[in-house]
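Please keep the sequence and the 3D view open while reading.

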Amino acid sequence: YGEQLAIDRTHPLVRTLALPCLILQSHNLEILIQAASAQPEEEVSGTPMYLTPGLESQTSATGRFAPVMYPVHKALILAQGGGIAQTLSALRMMESSGIGEEMITAVVDTPWNELSSAEAPLRPVNPINLQRAEEAIATFRKSLDNSFNYEHAWFESGMPKLSTWLTEGTEALPLILKPTVRRLIETLATNAEHALEQEESNLLQKQALSVVPTSTRDTLNHYLANWAETAHTELRDGLEIAFNSKKWRKTTWWKLFWRVDDISYIFSDILRQSWLLNADRGILYLAGRIEQA
């Protein structure tokens, strides 16, 4: 709101337009006008982009501009001409997110008779006629005697319903939070909760995929127990055979003076032939089963 029509071009990316409009003054309203896709796919923390438009803000450190999300209390989608189908699709997305018409609505700049029954939305898209509304205002400004014609044309344009929606819930009451502010807080909190639940669900799903099933774990434990028992038996029998072998008897202490150069070879040969040969192959098989699990 401003006492006179003025445009502030201080910010290089956002222009501020001040209007001497009583509705803006009495309800303390600010309107952000921004071009957007008729069928948004991106969401910010589960909140549709219409309720969290992005504005460019300059950082104090580098001086560069970065997008910053600014939540708004209401969003009005204006479609023109062939954008009706995309607008209806966007509203269906809003309904699936649990966002009511009191927060997001749509208007189409087209006469009533151009809305086909095949495009009947799940919730109403309000047709308006901006040209008819401008004509009504121009007629009233010419003379107060044209008030009847003004009222007739104004209602024909569909603007009264839009004005009611715009100001609904903006009344300031003592010790009571404005309904528009409360709805915005509830929406942001609900969507944040849903986002946390979804993230928790994803983490639990990843954790469940990383945990070995009970049946597989029991099978691996059975294989491990069998390997340990077999390896212990092989070690016992192999050492008994090795210590009773002819090669081991060659290492009798009184023979070491003549066979001192052969001790290393004899020990290596005994270990190579009698030290857990089957257990070594079995642990490789068991490691492959564990890796597979």
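Contact here means heavy atoms within 4.5 Å. By that criterion, and leaving aside its neighbours within four places in sequence, S157 is in contact with P127, I128, N129, R132 and A133. This is a predicted model, in which local features need pLDDT of at least 70 and side-chain atom pairs count only at pLDDT 80 or more, while totals for chains, interfaces and linings use all residues. Residues are numbered from 1 along each chain as its sequence is written, and side-chain values use heavy atoms, with hydrogens and water left out.

S157 sits in the loop between α4 and α5. Because its relative accessibility is 0%, S157 counts as buried; the classes are buried for under 20% relative accessible area, exposed for over 50%, and partly exposed in between, with a 1.4 Å probe and protein chains only. The side chain of S157 reaches the backbone nitrogen of M159 at 3.4 Å. Such a polar contact is a pair of N or O atoms within 3.5 Å; within protein, one must be able to donate a hydrogen and the other to accept it, and residues adjacent in sequence count only if both atoms are side-chain atoms.

M159 belongs to helix α5, residues 159-167, where M159, P160, L162, W165 and T167 are buried. Just after α5, G169 takes a positive phi of about 80°. H27 itself lies in the loop between α1 (22-26) and β3 (43-44), and it counts as buried because its relative accessibility is 19%.

The side chains of E156 and R132 meet at 2.9 Å, N to O; a salt bridge is a side-chain nitrogen of Lys or Arg within 4 Å of a carboxyl oxygen of Asp or Glu. E156 lies in helix α4 (residues 147-156) and R132 in helix α3 (residues 130-142), so the pair ties together parts that are 24 residues apart in sequence. Both ends are partly exposed, E156 at 41% relative accessibility and R132 at 28%.

How many salt bridges does a search of the whole structure find? The search finds four. In one of them, the side chains of R182 and E186 meet at 3.8 Å, N to O. Both residues lie in helix α6 (residues 179-210), four residues apart, about one turn of the helix. An α-helix has 3.6 residues a turn, so residues three or four places apart point the same way. R182 is partly exposed at 35% relative accessible area, and E186 is partly exposed at 43% relative accessibility. D237 forms a salt bridge with R236, the closest N and O atoms being 3.2 Å apart. D237 is partly exposed at 31% relative accessibility, as is R236 with a relative accessible area of 48%. Salt bridges that share partners join R132, E135 and E156 into one network.

The interior comes next. A nonpolar core is a set of buried Ala, Val, Leu, Ile, Met, Phe, Trp, Tyr and Cys residues joined through side-chain atoms within 4.5 Å. The largest such core has 13 residues, and those with the most contacts inside it are Y50, L51, A75, I77, I99, M103 and I104. Strands β7 (75-80) and β8 (104-109) each supply at least two residues of this core. Apart from it lies another core, of nine residues, including A133, A153, W154 and L162. M103 touches L51, H73, K74, A75, W165, R183, L184 and T187, not counting residues up to four places away in sequence.

Finally, the chain as a whole. There are eleven helices and nine strands. Buried residues make up 24% of the 293 residues. Among contacts between residues at least 6 apart in sequence, 52% join residues at least 24 apart. The chain exposes about 20900 Å², of which carbon and sulfur atoms supply 57%; accessible areas come from the Shrake-Rupley method with a 1.4 Å probe, and for residues, only the protein chains shown count as cover.
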